[in-house]
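Please find below a note prepared for a colleague who is meeting this structure for the first time.

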Amino acid sequence: MWKQIEGSRAVAETVAMCRPQVICAYPITPQTHIVEGLGEMVKSGALAGCEFLNVESEFGALSVAIGASAAGARTYTATASQGLLFMAEAVYNAAGLGLPIVMTIGNRAIGAPINIWNDHSDSMSMRDSGWIQLHAESNQEAADLHIQAFRLAEELSCPVMVCMDGFILTHAYDRIDVPLQQQVDAWLAPFEPRQVLDPAAPVSIGAMVGPEAFSEVRYLAHHKQLQALDRIPEISGEFLEAFGRESGGLLRPYRIEGADTIVVALGSVTGTIQEAVDELRADNVAVGSISICSYRPFPLEAVGRALSDAKRVVVIDKSLAPGLGGMLATDVQMALSARRQRVYTVIAGLGGRTITKASLVKLFLQARADALESVTFLDLNWDLVNRQLSREMATRRSGPAAENILKDLGALPSKI
Amino acid sequence: MPFYQIKFYQTGTFTVGNRLLEDSDRAVQSDVKRSNALNSGHRACQGCGEALGARYAVDAAMRASGGNLVAVNATGCLEVFSTPYPETSWQVPWMHSLFGNAAAVAAGVAAAMKAQGRTNVRVIAQGGDGGTADIGMGCLSGMFERNDDVLYICYDNEAYMNTGVQRSGTTPAGARTATTPSVGSQPGNVFGQGKSVPLIAMAHGIPYVATASVANLHDLEYKVEKAVPIHGARYIHIHVPCPLGWGSEPHDTIKVARMAVESGLFPLFEAEFGEVTERTAIRRRQPAEEYLKLQKRFAHLFRPVRDEERIAAIQGIADRNIRRFELENGGAS
């Protein structure tokens, strides 16, 4: 059913159709509208048979989810940014225990400096936690991915994060085809747990494992991700058949035929990248792009194949690995390790910095001329950086860097 | 133990006198059909108060729930000694997640049971004092405040024993631990304000809070059996001596626990909705010193010179408990 609604609302309505039995909520911008929506549905009775817990922290939220999932309930929560870091210990724990929790990440920067706007630092910090991480390009895909996520999670007994860009998606109103309850019911079977806390058949879950078996248990986590690599495209195909639209999958190529330069990115920036590609293609500039939906497991082979004919690859990383460059770029390089292609890392969109089509067009042209640094910071205000560096050189007690830069800029933080 | 009018111990001893009771009132542990929820073969130390307390508590919970019990465990001694992979001592569905989240995980289990219409399944969470009073306090308080349908049992051995006896929020004043060594002019733990989790639990106004001791196992079972059927958040705080960490003799575990009770240092009481409803009167009051002397963690208070001031301060804590909880006069026996 077509609706003109906020991305968060679309996700809330779709999650509700997946009939979760336990939802835990702790507020953090920008995911709050999702759990607010679900809370209202539980309280009004629209979402029946579901317990909604207002917990005391994100650590508590995921811990409640762990208990609920282990007791056989379909379980959902959502978080972002600092919240994801605050629950980090439980994030690894849920994956280690193999509990098929689905969690939405409204992707947001991590402080300090505190910043509520979008980038991918939060989910990137948990990329090796053992969770499957799916990135949505659009609000339609964000909603659809949740249905697929429950299926994937429960099949493999592995938790899944659905990552959607904070504000850019969560707060954007779009025309969205929200599925019907009977469609979801027909597609998503009730949760049949692989392990469950049940007095009728007692098991111990969470035993201590020493060196004699730890590697084997950990290998199984890797194996699950490899299985997911097969199942993600299949589930996306099954979803297409049932719902009539493409959503999910490992990655999505865009005009890569004959492209000598291919841009790789995650999430909502894909739309802007595709417009930049269209503009350049209109001028006969042979560029293309791929957007990766499945960041974990990382589709090494599919990425390598999609990029095989390109002379160079530009990776747009909406997160920074200080001292290295970009995390997505590092993974892409691994996919290309057998080939001799230039890979440019472009750090862009940090803390909500707008990534404009104009900047991207200019960037892609520079890349085609091989005039980029191996790690480039898109639209970085070098004057501002250099003035702070010279302040630090000039005096020992130069003060807090973020505040100095804001003062120098003469801008209110809210206007940046 | 307020439940019984008759005193059935033999003269001069603290023996429970189980054989003098009606069958229905006998200890869960005396029943051949007890569940042995924490089975033999685990790796606890000799004289472990926590293993003893947990066996009595969980078996009592099993009886009270008709075997419909799920147990969640914080990281700690109880978790480590009971489940070295691939073995487990637990004869109940049991789960360990993390150190600081047992209350939240149990709340999740309870929520799942409610969503599935299985409220006959009772849920307990267990943790040591570190997992309860310190790192787990946030999740515990949240569970209390929401009045989740969970019975949380804290086995308090007054330090982080599993990691090698470091100070916790419940380590008593003056006690030596690995991080409050008996050196310097003020050896041992600081004389702070203390941290009473039972009182914190009561401040949440939850339906049931109790303290218990392995020195009074029948009372411990009684409190667990009373707590299990109540719906909402419940808390039982059990004092469990640790021979390794306290430097007491393994065969003295019960004696040490009893001295804590009889000196007033560990008051036994029950509270409902934030009000103390019952307290166990001290039968033969002992000076705090007699409790301290049994434990090497307090040895520096007596040697090389007697630290009168700090021994008196500890006695003051005991006296205050006795006044506050009315343990000498007016308490039920």
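This is a predicted model: local features need pLDDT of at least 70, side-chain atom pairs count only at pLDDT 80 or more; totals for chains, interfaces and linings use all residues.

1. Overall form of chain B. Chain B contains 11 helices and 8 strands. Its C-alpha trace spans about 60 × 45 × 40 Å along the principal axes. The radius of gyration of chain B is 19 Å, which agrees with the value near 20 Å that a compact globule of 333 residues would have.

2. Burial and contacts in chain B. Of the 333 residues in chain B, 55% are buried. Among contacts in chain B between residues at least 6 apart in sequence, those joining residues at least 24 apart make up 69%.

3. A buried loop residue. I282(B) lies in the loop between β8 (275–279) and α10 (288–292) of chain B. Is I282(B) buried or exposed? I282(B) has 21 other C-beta atoms within 10 Å, and a residue counts as buried at 20 or more, so I282(B) is buried. Once neighbours within four places in sequence are left aside, the residues in contact with I282(B) are E262(B), G264(B), L327(B) and E328(B). For one of these, L327(B), the separation from I282(B) is 45 residues in sequence, while the C-alpha to C-alpha distance is 5.7 Å.

4. A helix pair in chain B. Helix α3 (residues 102–115) and helix α5 (residues 137–146) of chain B pack with their axes 7 Å apart, at an angle of about 40°. On the α3(B) side the residues are A103(B), A104(B) and A107(B), and these meet C139(B), L140(B), G142(B) and M143(B) of α5(B). By class, the residues of this contact between α3(B) and α5(B) comprise 6 nonpolar, 1 polar and no charged.

5. The contact between the chains. In this contact, 38 residues of chain B touch 37 residues of chain A. On the chain B side, the elements giving two or more residues are β1 (69–73), β2 (94–96), α3 and α5. Which element gives the most to the side of chain B that touches chain A? That element is α3(B), with 11 residues. The side of chain B that touches chain A divides by class into 23 nonpolar, 13 polar and 2 charged residues.

6. Strand β9 (residues 204–205) of chain A runs parallel to β2(B), and 2 bridges join them. Within β2(B), M95(B) is the bridge partner of I205(A).

7. Chain A has an open sheet of 7 strands, with mixed pairing and the order β3-β2-β4-β5-β7-β6-β13. At its edges stand β3 (51–54) and β13 (294–296) of chain A; each has a single partner strand, so one side of each is left without a neighbour in the sheet. From one strand to the next, the twist averages 20°.

8. Details within that sheet. Strands β5 (residues 102–107) and β7 (residues 160–165) of chain A run parallel and are joined by 6 bridges. T104(A) has V162(A) as its bridge partner in β7(A). Helix α3 (residues 58–70) of chain A lies across β2 (22–25), β3 and β4 (75–79) of chain A, and runs at about 165° to β4(A).

Notes
Residues are numbered from 1 along each chain as its sequence is written. Chains are lettered from A and ligands numbered from 1 in the order in which they are written. Axes are lines fitted to C-alpha atoms, for helices over the stretch in contact, and angles run from 0 to 180 degrees between N-to-C directions. Helices (H or I, at least four residues) and strands (E, at least two) are DSSP runs, numbered from the N terminus. Two residues are in contact if their C-beta atoms, placed from the backbone, lie within 7 Å. Ala, Val, Leu, Ile, Met, Phe, Trp, Tyr, Cys and Pro count as nonpolar, Asp, Glu, Lys and Arg as charged, and the others, Gly among them, as polar. Two strands pair if DSSP finds at least two bridges between them. The radius of gyration is taken over C-alpha atoms; the globule rule is 2.2 Å times the number of residues to the power 0.38. A residue is buried if 20 or more other C-beta atoms lie within 10 Å of its own, exposed if 12 or fewer, and partly exposed in between; C-beta atoms are placed from the backbone.
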